[in-house]
Amino acid sequence: MISKEVSNLVKSVSCIMIILHHFLLRTPEISFWISGFMRGSFGYIFVSVFFLLSGYGVVESVARCKTSLAKDLIRRIWKIYKPLLVVNIVMVFVYWMLGPKDLSLDFIQHYRINDAFVLLGSDKCNVTLTICYILGIKLIDNALWFVYVLLILYCILYISLWSKYRSCFLLFLCMVYFFILYWLFPEDKYIYASIYAFPLGCLLSLNKHLILKYLFFFYLFSFLSLLVSLCIQNNEFFYFAILISLVSIIIFITQLECDFTHCKVGDISYEMYLVHIKVFTIMIFLIGVVPFWIYLATTIIVALGIRRLVRLM
């Protein structure tokens, strides 16, 4: 229903949009006609797309898997954690090499510089703290919440797949997870606001034959959802309607059977996400604010290097 090539294309666009969102959050001096929206709700939409495609992709992968669910879950967790570990090792080393940073509080707050950048290389950082940053026990930057939320969602999915009523069990566990995150992080809406997209992606895969059978009604539902969301002006329902509409567009593009094999950015989208804030932090420290295209190109180059290191391990 959603081909790998189209999924990679959508991941490429989503990843670039998330990087742009974080870039604008850290450069409030840059302003244009939709910059306010791109600093706000913009990020939720494309993070939701990532969760949805992750859910869809992992269910499709499990369907083709010839090993046990437990072994496949361990393999998948390592596939997510290994690049994170490599990125942490590289960035901890780079932060240490930059030495002590004499940064003003205004500079740190203005550009949202994370504690790890300030601490690593200073006399306030000890071996224990360094190891915690390398292993990911402490987050080097706050965008890494996505990785840990995704890992738990993977575990929830694999637990539900052992159940006879896997769809209902999946929805129930994700709902419980949502309320736990809401209870733990009531002020950090970005941590829990998009996780509904993961079970939605899983259900799309589990019920793809039914959706393809009644595809016209799915398109109609997407269109009506968008109309209703515009009428009632509810942000949460608007995000949901946008996501459903994007799913319809993704399915439609897949049905066209166009060739998107040349789109390679999707292959390194995860690595780009892991390094993009770190790249921004280093660039703002060394040379100041640069045009977005230079920042994006640098992020892609660093992500390619990280991917090569991961493959060597």
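These legends describe close-up views of a predicted model. Local features need pLDDT of at least 70, and side-chain atom pairs count only at pLDDT 80 or more, while totals for chains, interfaces and linings use all residues. Residues are numbered from 1 along each chain as its sequence is written, and side-chain values use heavy atoms, without hydrogens and water.

**View 1. Arg75 and Asp72 meet in a salt bridge.** Their side chains are 2.9 Å apart, N to O. A salt bridge is a side-chain nitrogen of Lys or Arg within 4 Å of a carboxyl oxygen of Asp or Glu. Both residues lie in helix 4, three residues apart, about one turn of the helix. Helices are DSSP runs (H or I, at least four residues), numbered from the N terminus. Asp72 is buried at 2% relative accessibility, whereas Arg75 is partly exposed at 40%. Buried means under 20% relative accessible area, exposed over 50%, and partly exposed in between (1.4 Å probe, protein chains only).

**View 2. Lys278 and Asp141 form a salt bridge.** The N to O distance is 2.5 Å. Lys278 lies in helix 15 and Asp141 in the loop between helix 7 and helix 8, so the pair ties together parts that are 137 residues apart in sequence. Lys278 is buried, with a relative accessible area of 1%. Asp141 is buried too, at 2%.

**View 3. Arg307 and Glu271 meet in a salt bridge.** Their side chains come to 3.2 Å, N to O. Arg307 sits in helix 16 and Glu271 in helix 15, 36 residues apart. Arg307 is partly exposed at 23%, but Glu271 is buried at 5%.

Conventions: Helix = DSSP H or I, 4+ residues; strand = E, 2+ residues; numbered from the N terminus.
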